[in-house]
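Welcome, and thanks for taking a look at this one with us. Here is a short briefing on a few helices and their surroundings.

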Amino acid sequence: MTTAQRSGDGTAGAVPAPVLAFRDAGLSYGDRRLWAGLDLDVRAGEFIAVLGPNGAGKTSMLRTVLGQQSLTAGTVALLGAPVRRGSRAIGYVPQQRLMEAGTPLRTRDLVALGVQGHRFGIGRLSRQEQAFVEDVIDRVGVRAFAEAPVAELSGGEQQRARVGQAIASRPALLLCDEPLISLDLRHQRIVTELIDEERRRDGAAVLFVTHDVNPILDVVDRVLYIAGGRFRIGTPDEVLRSDVLTDLYGTPVDVVRTMGRVVIVGSAEAEGQGHGVPRQGDH
């Protein structure tokens, strides 16, 4: 949908309705507030990075979109309707986790699950679906090992296959939960380019959780930075600044740009959140 098309209220020429919309949204664990008062529209083709320290609530945010966790305040809507589990409009790229040796699932089968994963069991694909799976296999560059068991692939190859599975459902929204963790720089670049190509090709919106913004800095439109129960939203230049992060963390933080990279120096919490040193274990 383009800005020239009708919006949800039927007004010609208006800005199209967002793919994902948070309204006055908040999430807490008991007395501990992760974030509150979040108003965020994620529009078709937009790439938003979600940054912040461990425990800030980044992965939990994705769970609310997946319908796996309820907000403690406000609402979240997908394509204008309340979120629900198992939505075919969402493609999900998880953290890189190696499959156990002996798992018989082939690379081709993993990609095909993106087409038929909503069905009960694994059935036969139609000719049209088979052709689409072959197209996705080529798009994510897994043709050379399409018949190989996924468990035999390297971590980077497995992630490319998972991206294939995510985009095979033709999603309106791609949720990416630390998909670059444990990947070498080459595969970080490959996976980032695949996700960026998908949103440019088919207009999928992207919500990308990461501890290190540097591998995706060239493709990000906006940043949602969560820290200390608060957040800031804006372009990387607007948010990744010393004064903004100092305010969020409540302690002096320096943001240094060098050789095309962003380096955060200051509080132990800010440095540990990972711009360059990815860490796992976020809520």
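Buried here means under 20% relative accessible area. This is a predicted model, and the notes below begin with helix H4 (residues 155–167).

**Helix H4**
- Eleven of the 13 residues of H4 are buried, so this helix is largely enclosed by the rest of the structure.
- The buried set consists of Gly155, Gly156, Gln158, Gln159, Arg160, Ala161, Arg162, Val163, Gly164, Ala166 and Ile167.
- Packed against these buried residues are strand E6 (90–93), H2, H3, E7 and H5.
- From its first C-alpha to its last, H4 reaches 19 Å, close to the 18 Å expected at 1.5 Å a residue.

**Where H4 meets H2**
- The axis of H4 and that of helix H2 (residues 107–116) come within 6 Å and cross at roughly 30°.
- Angles under 35 degrees count as roughly parallel, and H2 and H4 are therefore roughly parallel to each other.
- Their crossing is right-handed.
- H2 brings Thr107, Leu110, Val111, Leu113 and Gly114 to the contact, while H4 brings Ala161, Arg162, Gly164 and Gln165.
- Sorted by class, this contact has four nonpolar, four polar and one charged residues.

**Helix H5**
- The 18 residues of H5 (residues 185–202) should span 26 Å at 1.5 Å a residue, which agrees with end C-alpha atoms 26 Å apart.
- Among the buried residues of H5 are His187, Ile190, Val191, Leu194, Asp196 and Arg199.
- The buried residues of H5 pack against strand E3 (47–51), helix H3 (127–139), H4, strand E7 (173–177) and strand E8 (205–209).

Note on methods: Residues are numbered from 1 along each chain as its sequence is written. This is a predicted model: local features need pLDDT of at least 70, side-chain atom pairs count only at pLDDT 80 or more; totals for chains, interfaces and linings use all residues. Side-chain values use heavy atoms; hydrogens and water are left out. Axes are lines fitted to C-alpha atoms, for helices over the stretch in contact, and angles run from 0 to 180 degrees between N-to-C directions. Helices (H or I, at least four residues) and strands (E, at least two) are DSSP runs, numbered from the N terminus. Angles under 35 degrees count as roughly parallel, over 145 as roughly antiparallel, 65 to 115 as roughly perpendicular and the rest as oblique. A crossing is left-handed if the near helix is turned anticlockwise from the far one by less than a right angle, and right-handed if clockwise. Contact means heavy atoms within 4.5 Å. Ala, Val, Leu, Ile, Met, Phe, Trp, Tyr, Cys and Pro count as nonpolar, Asp, Glu, Lys and Arg as charged, and the others, Gly among them, as polar. The expected span of a helix is 1.5 Å times one less than its number of residues. Buried means under 20% relative accessible area, exposed over 50%, partly exposed in between (1.4 Å probe, protein chains only).
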